[in-house]
There are 2 protein chains.
Amino acid sequence: MTELGQISGVLLDIDGVLYAGGRAIEGGRETVAWLESEGIPFRCVSNTTSRSRRSIAARLRALDYDIHESLIFNPPLAAIRHLRGKKTFLLTQGDVRDDFLAADIPLVEEGAEAVVVGDAGNGFTYEAMNRAFRMALEGAGIVALEKDRYWMGADGLMLSAGPFVAALEYATGSEAVVVGKPSSEFFRLALEDMGAEPSEALMVGDDLRTDIGGAQAAGMRTALVRTGKFRQEVFETSRIRPDLLLPSIAGLPRAMRGIFI
Amino acid sequence: MTELGQISGVLLDIDGVLYAGGRAIEGGRETVAWLESEGIPFRCVSNTTSRSRRSIAARLRALDYDIHESLIFNPPLAAIRHLRGKKTFLLTQGDVRDDFLAADIPLVEEGAEAVVVGDAGNGFTYEAMNRAFRMALEGAGIVALEKDRYWMGADGLMLSAGPFVAALEYATGSEAVVVGKPSSEFFRLALEDMGAEPSEALMVGDDLRTDIGGAQAAGMRTALVRTGKFRQEVFETSRIRPDLLLPSIAGLPRAMRGIFI
């Protein structure tokens, strides 16, 4: 049993927790409002590497979530915190570039101190990979926004950033720093963003491995919701056990009162 | 001491052994003629993955080496022997495709049973990588013509096939079969091509690791030449020791008579 006062911050996964299948999860808005009214700091976390914080906030707004973009924490922001102003070669797609520009990260095409790799899709040309490789061999650190293998596209499976990160690792003989979920670095930086200690923070997610397993490895408390990609058989066969198992995010306020007070 | 009669086949590396820096090694042609006159089966082996056997033979002919293309053994041919007629998706560049067509390998763009990866250069697009990945995930074996990290191009280092093979391995969780040097499979298939047993065959090369180390791992005898990429300091600091150390291929006939008879 834990006092509510000891929970000094909450991380809410977005896809599968706040919405799923293009629709807001019932009770999600009320839970966000409750966190605000209780004065409990929170961040909405996403693992997408091809959309800026502004895009993610706009997507939430379209579903009637009134969440300011400063409350969105994504792998690009984790990378930005990790980079600390280093000259960066960006291998990504979409408007994620905006996040780096907004943070005044100098984006360069040569002589970079860091190579940041996200899901660049068709941007993964031989020329771009070779450019990234040369800079990494000359000492630029490889920062991976994610290291997933693939994702399900409209017409079939699509390669994620992971294989291309693995290619650069093989070519250079050096290891990338992964700043997306489930890396501890992601959770550490997200908590740092709101000044919360891992032991007093709660991660709410729908993915047993990346959300719950990742947050536990970072020393956080965890709540698994039965929405989004939650699957009973995965839950039953896994060794990963969350502190809380909730039907949905709607049950969070009651659970936090009931269990933690 | 070994009888000459026990050497039932010789593999001659091409670049660095038969020629170097665009010029034929002195005495090379005489050594090839001697092997032919003695009736000792031999193959000229190359690790290039972007030129067909015909192209390689033409290059040798331009340097006055009269070596028929059927005596050239390269990674594409090793792959062809390994494939045994399987439907193949080819991720390569240059005229190496001709070797596969000449061997009646069915080359397909979908539904392949094998994905063959060479140095495809600008052919390593996201679309091509994704295509290879999907087929590999559906069961096609990944066959790597080589797994080198990079090579020195005209304006700097260039990624070789290795990193892209590593990307497909990471994406699929399966391991590629490497059929180029220094894999034992390459030497085994080259010897099979002339009906020689490894223990009675000699590899002549200029690269301590891929030629000598690779051939020794395949159970062959070895001769290192001091031409091509031979470097004294590499030789002195390596644990790999060839059976013979020759100034150049010119010394092979005398060495084989003197040492093996």
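Two strands are said to pair if DSSP finds at least two bridges between them. Keep that in mind as we tour this predicted model.

**The sheet of six strands in chain B**

In chain B, strand 13 (residues 221-225) and strand 14 run parallel and are joined by 3 bridges. One residue of this pairing is B:Leu224, whose bridge partner in strand 14 of chain B is B:Leu245. Both strands belong to an open sheet of 6 strands with parallel pairing, in the order 5-4-1-12-13-14. Strand 5 (72-73) and strand 14 (244-246) of chain B stand at its edges; each has a single partner strand, so one side of each has no neighbour in the sheet.

**The sheet of four strands in chain B**

Chain B also has an open sheet of 4 strands, again with parallel pairing, and its order is 6-7-8-11. Here the edges are strand 6 (88-91) and strand 11 (177-178) of chain B, each pairing on one side only. Strand 6 of chain B runs parallel to strand 7 (residues 114-117) of chain B, with 4 bridges between them. Look for B:Leu91, which stands opposite B:Val117 in strand 7 of chain B.

Two helices pack on this sheet. Helix 5 (residues 126-137) of chain B touches strand 6, strand 7 and strand 8 (141-144) of chain B, and its direction makes about 150° with that of strand 6 of chain B. Helix 6 (residues 161-172) of chain B touches strand 7 and strand 8 of chain B, and its direction makes about 165° with that of strand 8 of chain B.

**A hairpin in chain B**

Now for an antiparallel pair: strand 9 (residues 150-153) and strand 10 (residues 156-159) of chain B are linked over 4 bridges. A hairpin of 2 residues joins strand 9 of chain B to strand 10 of chain B. Within the pair, B:Met152 stands opposite B:Leu157 in strand 10 of chain B.

**Two helices that cross in chain B**

How do helix 3 and helix 7 of chain B lie relative to each other? Helix 3 (residues 75-83) and helix 7 (residues 184-194) of chain B pack at an angle of about 80°, and their axes are 10 Å apart. Angles of 65 to 115 degrees count as roughly perpendicular, so helix 3 and helix 7 of chain B are roughly perpendicular to each other. Helix 3 of chain B makes the contact with B:Pro75, B:Ala78, B:Arg81 and B:His82, while helix 7 of chain B uses B:Glu185, B:Phe186, B:Leu189 and B:Asp193. These contact residues divide into 4 nonpolar, 1 polar and 3 charged.

**A covered helix in chain A**

In chain A, helix 6 (residues 161-172) has 12 residues, which at 1.5 Å a residue should span 16 Å; its end C-alpha atoms are 17 Å apart, which agrees. Helix 6 of chain A is mostly covered, with 11 of its 12 residues buried. Among them are A:Phe164, A:Val165 and A:Leu168. After helix 6 of chain A comes A:Gly173, with a positive phi near 75°.

| Residue or bond | Backbone value |
|---|---|
| A:Lys181 to A:Pro182, cis | omega near 5° |
| B:Lys181 to B:Pro182, cis | omega about 0° |
| A:Arg84, not glycine | phi near 50° |

A:Pro182 sits in the loop between strand 11 (177-178) and helix 7 (184-193) of chain A. B:Pro182 is in the loop between strand 11 and helix 7 of chain B.

Are A:Arg84 and B:Asp104 buried or exposed? A:Arg84, in the loop between helix 3 (75-83) and strand 6 (88-91) of chain A, counts as exposed at 72% relative accessibility. B:Asp104, in the loop between helix 4 (97-102) and strand 7 of chain B, counts as exposed at 66% relative accessibility.

Technical notes
Residues are numbered from 1 along each chain as its sequence is written. Chains are lettered from A and ligands numbered from 1 in the order in which they are written. This is a predicted model: local features need pLDDT of at least 70, side-chain atom pairs count only at pLDDT 80 or more; totals for chains, interfaces and linings use all residues. Side-chain values use heavy atoms; hydrogens and water are left out. Axes are lines fitted to C-alpha atoms, for helices over the stretch in contact, and angles run from 0 to 180 degrees between N-to-C directions. Angles under 35 degrees count as roughly parallel, over 145 as roughly antiparallel, 65 to 115 as roughly perpendicular and the rest as oblique. Contact means heavy atoms within 4.5 Å. Ala, Val, Leu, Ile, Met, Phe, Trp, Tyr, Cys and Pro count as nonpolar, Asp, Glu, Lys and Arg as charged, and the others, Gly among them, as polar. The expected span of a helix is 1.5 Å times one less than its number of residues. Buried means under 20% relative accessible area, exposed over 50%, partly exposed in between (1.4 Å probe, protein chains only).
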